[in-house]
Every structure is written in C-alpha cells, then in structure tokens.
Amino acid sequence: MKNNLENPIRRIMICGLLVIAVVLSLGVSAYGGQGNSSGSRITYSLQAEAGSALPLLSKNNAPAVPVQDLPQAAARMTTAESRQPHISGGSTPKADAERPAPAIKQVAAAAAGKAAPAAGHRKEKVVYLTFDDGPSAVTPKVLSILQEQGVKATFFVLGDQAAGRPELIHAIWEQGHAIGNHTYNHNYHDLYSGFTEFWRQIKQTEETVREITGVRPQLVRAPGGTFGHFDSTYFNLLKQAGYRVMDWTVDSGDSRRRGVPAAEIVQASVADLNSASVVLLLHDGSGHEQSAKALPAIIERYRAAGYEFGVLDTQSDPVQFRVSSKAASLQRSKPSQDWISANIAPNAELFAPGKALALEIGRMQIKLKPGEYRLQHGQYYVPLRATVERLGGRVGWDADTRSAAVSWNGRSMTLDSQKQEVGIHWPDGTVEYRAAQVQLQGSSLWVPLRMLLEAAGHPGAEAFVNAEERRVTAA
C-alpha cells in the first residue's frame, strides 16, 4: 500500500520539476540567453518610452570622443548581443553592427556632441600649402615645383624681402598663388611690443606688395604664430580693419632648427591625413632648401590621401590660436580711441566690396574683381598679363627694357613703359607705334583698357554701369 502511494507522489513531483524547468527555459530565451536582470529590462523599457536609441555597443555607450577602431569593436559584437529585442523609436544593436564604417562614425560623432555629415555624403578634403618668410633664393625652386605639379599655394611674404625681390612677388602673383602679409622685418621684439608697431609693419608690407601687384593683401600671418604673441587687442583691431588672421593646423617642422632634413619635413607634414581641412606651415625663406626638396613628396602624399589643393582667401575659415595667459597678462599699452578712429575704420573701407568689371571681348568673357582693375581719370586700367592671359593671349616680359611682348587675337604687340608707347607688329614686317600710358608697378605693367583693346584689334569698346557691375564690351 505504501509503495502504491509513493508512486503517484513521485510522478507528481517529477512533473512539477519538468514544468518549472520549461518555464525557466522560456524565461531565459526571451532575453537572448544574456541572463539580464529585471533592472536591465526596466532600463530598456524606459528608453523605448523616451524614443531614444539603444547604446551603440551592447554593454557600453559610445565613447565621448570617436575612436578610430570603433567600427572594428562593433564588428566584434557577439551573436547574442545582435539578438537584442527591437525597441520602438530606437535603432537595434544589430542594425548598428551591420552599418558601414562611416555611419558608425556618425553615431559616435553625435554622441560626442559634434555635427556629422549626412549618411552617404563624402566631405571633400582640402590642404592649403602655405609658405612663410620669403621671397628668397629658395622661392623660384618652390614656384617651379608648384607649376610642374599644377598646385596653387599661399605665400606669406616679408616686406623687406619683397622690396628687394619684386620680380619674385610678381611671379607668385602672376602664377595664380595667393599673397599674404607676414609683416616687414619679422622682429619679434618690435612686433609684439605693442599693436601700433605691428600695424606699422603690416601697412608697410601691404604698400610694398600693392606697388608690385596692384592688390592689397588681406591675409595676415603673425611671425611665430599668434599663440603667446597676440592678445585680444591684436585680434580685434585687425579684424575691424578688414584683415583675416591665419595660423596653421599642421607644422612641417622645417624651422625648428637649422638644416632640418627633407625626410623629417615630409614626415611631420603628413602626420595627419584624416582631417577634412589642413593648413600646412612651410617656409621658403633663406636657408630652407630642404623644404623645397621635400615639397614633391608632400604633394604626392596628400594627393594619394585624396586631398585637393586650395588657396587661402578672405572667405576661408580662419585658423587662429587662442590667446595664451602669457599674452593676456602682458602690460602692453593699447592704442587710443583717437588713433583707432583715424586708422582702423578708414582702413576697412579699402577692402569694402565694390563692383566687378565684366569684360565681354569677342566670344570671351571674364570678370575682374575690385582691386584687379582701377578707374583713373575716367579710364579703366588693368594689369596687362592677368587680363590678356585670361582672355586667351600670351605675354612675355623683358626685365632689361621694362617692356612686354603680347600675342593676342592674331596680333603681336610690344608695350614699352620707358618710351610710353605700344608697337603693333603687322604681317608685312612694319611696326606702328602709338602713344600709350603704360604704368610700371614693380615688374607689373598696368595699361588703359581701351588702348589695349584697340591695339589688339577689338575696336568699338563700350562701357556700362549698373547696380551689380561695371561692363565693357567690344567686338
């Protein structure tokens, strides 16, 4: 009888254990086999109610600063983690794990409080090659390499060097490079003794460059950079005066000591090939032959990394170092309000937007920006080489005679700044000479536009002015 009673009881107990085992098994599988606590389940529920996304990684939130190995870390996500339940209003970890690397970086950037490009958008990478302290005997080599490579750059020139080598300033400008202002003598003691001395040197260099090219440089680079040198007075007054101060993001290291080898310059110059925008500091001053030697390899490395080469201008985003505590604590006297009123505001007017001059000559049309032409005594004056070459002609320069040979529209001409005449060479071998007001600025010739057009066989020039532009047309 006892055995008969024990058998039903044993069967009931076994069935109960089996039921408990089944229930536990179903509970574990419902949470992906993770063994998550009820606290974890409540956390996910609150995230769903808030409409926020699940963490990028299953156990850790995205790092505060995106790291380069983030895509690999996500790829190592376990199968169990990829099976986390879908939460309405957010993305699943499985979806994050399967995204391409750029999308994962976008999530990480958002977690760091940084704006990220739209999915699938590839931001263009640009490098700006900049050269300080020239022109010097090194500059022609740099210009030759840039011309061979089809690359434009920005030259921050010293006024005393520009005054002694105007032909190099002319060559820089004529080849389409940008010219910036690097003060006159690079003397730290003078420049950072007070703002008015810095200003004096900036204006002296500006006038030197203007006399050579006809254009005032607005870009300014402080010798040694602004860090430790500029206080808020320097930054604020230069901005109010119409200048754009530009430091750099990458230092090539070519001025850290004398004779830095080219290999070391290349290595420092390409240390960061991930940034969307790079402003690279190089030098073309005396003694920087190794910088010129390193230049082809630098260009090659940036090209291989997918960079375009840009030229800095006043529309470029400024790269400026912060004001250091050292510079802020210097007891430098500030300019008086009378000095500021007499110098800063009038200077800004030099760079105020003006009307462009549109030239519609035959089938060609170009525009000269304000500063690329002048209006004198009712006549338009234009830089000879820049104008003719943009209209499809060619210009040669004879430094000894201070004259230019022009081939344009099927005609050959000679413009002589000493004799103040233009000679038109006819097919029969004769030369017709006409008086011409040819102005020589450094080694750049400026000529009356109407005279140039008539000599080149574009008669009947007509000038118009409207609210948007000035326009000259000729057949």
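**Helix contacts and a sheet**

A: Ala 262, Ile 265, Val 266 and Ser 269 in H12 meet Gln 290, Ser 291, Lys 293, Ala 294, Ala 297, Ile 298, Arg 301 and Tyr 302 in H13. Contact means heavy atoms within 4.5 Å. Helices (H or I, at least four residues) and strands (E, at least two) are DSSP runs, numbered from the N terminus. The model is predicted: local features need pLDDT of at least 70, side-chain atom pairs 80 or more, while totals for chains, interfaces and linings use all residues. Residues count from 1 along each chain as its sequence is written, and side-chain values use heavy atoms, without hydrogens and water.

Q: At what angle do H12 and H13 pack, and how far apart are their axes?
A: About 40 degrees, with the axes 8 Å apart. Axes are lines fitted to C-alpha atoms, for helices over the stretch in contact, and angles run from 0 to 180 degrees between N-to-C directions.

Q: What about H10 and H11: which residues meet?
A: Phe 195, Phe 198 and Trp 199 in H10 meet Thr 233, Tyr 234, Leu 237 and Leu 238 in H11. These helices pack at about 40 degrees, axes 10 Å apart.

Q: How many bridges between E16 and E17?
A: Five, antiparallel. Val 422 has Arg 434 in E17 as its bridge partner.

Technical notes: Two strands pair if DSSP finds at least two bridges between them.
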